[in-house]
Amino acid sequence: AELETFREPNMGWGLRSKAPVSAGSLVIEYLGEIIDFAEVQRRMTQQCQERPSDKDYYIMELDTDLYVDGKYKGNTSRYINHSCDPNCELQR
């Protein structure tokens, strides 16, 4: 799918398709570092302390105690989960 990022006031970054996507189609692969819950907590604490104005987190739960952090080593897929009315699902 051809995608574009956009900034939603008061909500943060988002990702949308420029054209309709067929039901069941792959939109984009979520990429990032694989980390455990202890590392999630460490990164969130560090970000709050060192960059308090940065409220953007791109951590998605993959499995029990297994997370994907797309903040620095991801792609634009990190913006896809920012919707009040989601219409996609995560598949493994």
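## Close-up views of the sheet and its aromatic neighbours

**View 1. E61 stands opposite Y67 in β5.** This is a predicted model, where local features need pLDDT of at least 70, side-chain atom pairs count only at pLDDT 80 or more, and totals for chains, interfaces and linings use all residues. Residues are numbered from 1 along each chain as its sequence is written, and side-chain values use heavy atoms, leaving out hydrogens and water. Here β4 and β5 (residues 66–69) run antiparallel, joined by four bridges; strands pair if DSSP finds at least two bridges between them, and a strand is a DSSP run of E, at least two residues long, whereas a helix is a run of H or I of at least four.

**View 2. Three strands form an open sheet in the order β3-β5-β4, with antiparallel pairing.** β3 (33–35) and β4 (59–63) each have a single partner strand, so one side of each is left without a neighbour in the sheet.

**View 3. F37 and Y67 form one of three aromatic pairs.** Their ring centres lie 6.0 Å apart with planes at 40°, so the pair is tilted (pairs have centres within 6.5 Å; planes under 30 degrees apart are stacked, over 60 edge-to-face, the rest tilted). F37 belongs to helix α1 and Y67 to strand β5, 30 residues apart.

**View 4. Ring pairs join W13, Y58 and Y79 in a cluster.** For Y58 and Y79, the centres are 5.5 Å apart and the planes at 90°, so this pair is edge-to-face. R78 lies over the face of Y58, 5.8 Å from the ring centre (the cut-offs are NZ of Lys or CZ of Arg within 6 Å of the centre and within 35 degrees of the ring normal).
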